[in-house]
Amino acid sequence: MYICINPYHYQRLTIPKGLNSSMPSPQPAPSPSNTIWQSGSSTASCASSPSPSVFSEDGELQAHQRPPPFRHPKSWAQITYFELNSRVGEVFKLVNQSITVDGYTDPSNSDTRICLGQLTNVNRNTTVENTRMHIGKGIQLDNKEGQMHIMITNNSDMPIFVQSKNTNLMMNMPLGKVNRIPPHSQLCAFEFNLFFQMLEQSCNDREGLNQLSKHCFLRISFVKGWGEDYPRQDVTSTPCWLELRLNVPLAYIDQKMKQTPRVNLVEPNSVT
């Protein structure tokens with residue numbers, strides 16, 4: 001079943017039981033003429049349209065294109081919580097492949113749950129307080145089968161806003177685009193196949209790798225949006241937001257960077 005990956009299009013997805021693979025398997029994206037629209041409580045799948053040269057006919061990464069083996073980070077990602085431009089609380093390291101971030105006050109934070117309601121901030125203003133009241137059930141982050149196909153589910157009764165360069169690239173949208181996710185809906189926020197394709201294309205290009213590393217940081221705001229479509233122009237102007245750092249893709253970039261020779265820059269002069 002092909003599902004449109006447009007973050008504004010939502011479709012409930014049934015995943016066959018027993019589906020598993022050692023590497024992320026690409027899923028063909030439908031053409032714009034086959035776009036599926038459906039409102040309500042539903043989901044959008046992770047999918048991209050990688051170059052045929054990267055994948056074999058059966059949809060697996062070709063042997064010479066497989067990422068070289070290396071020791072994965074102990075945590076696949078980490079979350080930092082901000083109120084306006086101030087970090088609040090510790091940095092949360094994600095080990096479990098599925099985790100909930102909500103606005104409640106359960107002090108027994110575990111590998112599967114982060115409660116923002118218990119975090120204190122002496123500089124918290126009224127706008128932040130009111131926003132925190134609407135976080136409610138918050139969001140769920142899923143690293144599908146540990147393959148860095150990241151799904152974000154909005155479990156709250158208010159919209160959330162997500163900025164993902166990876167998602168925007170899939171949709172041919174401006175990289176800085178902020179996507180509004182309605183209540184009880186889901187978005188594919190990072191697709192590993194697309195990332196890996198770009199990683200291979202950045203061979204011997206340190207600047208390209210530096211730019212690709214920016215794709216490994218996702219920003220999620222509760223209730224309030226930002227960007228060109230909203231009064232707030234920067235995420236640091238939103239009352240409550242998260243930064244999600246994807247450690248595994250960054251480790252791949254770091255490994256690639258070590259294999260990329262440094263370029264000796266020539267000092268500009270009147271001749272150059």
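Contact here means that heavy atoms lie within 4.5 Å.

**View 1. The whole chain, to get our bearings.** This is a predicted model, in which local features need pLDDT of at least 70 and side-chain atom pairs count only at pLDDT 80 or more, while totals for chains, interfaces and linings use all residues. Residues are numbered from 1 along each chain as its sequence is written, and side-chain values use heavy atoms, with hydrogens and water left out. Among contacts in the chain with a separation of 6 or more, 65% join residues 24 or more positions apart. The chain has five helices and twelve strands; these are DSSP runs numbered from the N terminus, with at least four residues (H or I) for a helix and at least two (E) for a strand. Of its 272 residues, 47% count as buried (under 20% relative accessible area, with exposed over 50% and partly exposed in between, using a 1.4 Å probe and protein chains only).

**View 2. Helix α5 and its surroundings.** Helix α5 covers residues 247-259 and reaches 19 Å from its first C-alpha to its last, close to the expected 18 Å (1.5 Å times one less than its number of residues). How many of its 13 residues are buried? Ten are, so to speak, tucked away, and α5 is mostly covered. Among them are Val248, Leu250, Ala251 and Met257. The buried residues of α5 pack against β1, β10, α3, α4, β11 and β12.

**View 3. Where α3 meets α5.** Two packed helices are described by the angle between their axes and the distance between the axes. The axes of α3 and α5 come within 11 Å and cross at roughly 10° (axes are lines fitted to C-alpha atoms, for helices over the stretch in contact, and angles run from 0 to 180 degrees between N-to-C directions). The two helices α3 and α5 are therefore roughly parallel to each other (under 35 degrees; over 145 is roughly antiparallel, 65 to 115 roughly perpendicular and the rest oblique). Phe192, Phe195, Leu199 and Glu200 in α3 meet Pro249, Tyr252, Ile253 and Lys256 in α5.

**View 4. An open sheet of five strands.** The strands follow the order β5-β4-β6-β7-β10, with mixed pairing (two strands pair if DSSP finds at least two bridges between them). Both β5 and β10 stand at the edges with a single partner strand each, so one side of each is left without a neighbour in the sheet. From one strand to the next, the twist averages 20°. Inside this sheet, β4 (residues 98-102) and β6 (residues 139-143) run antiparallel, joined by four bridges. Look for Ile99, which stands opposite Leu141 in β6.
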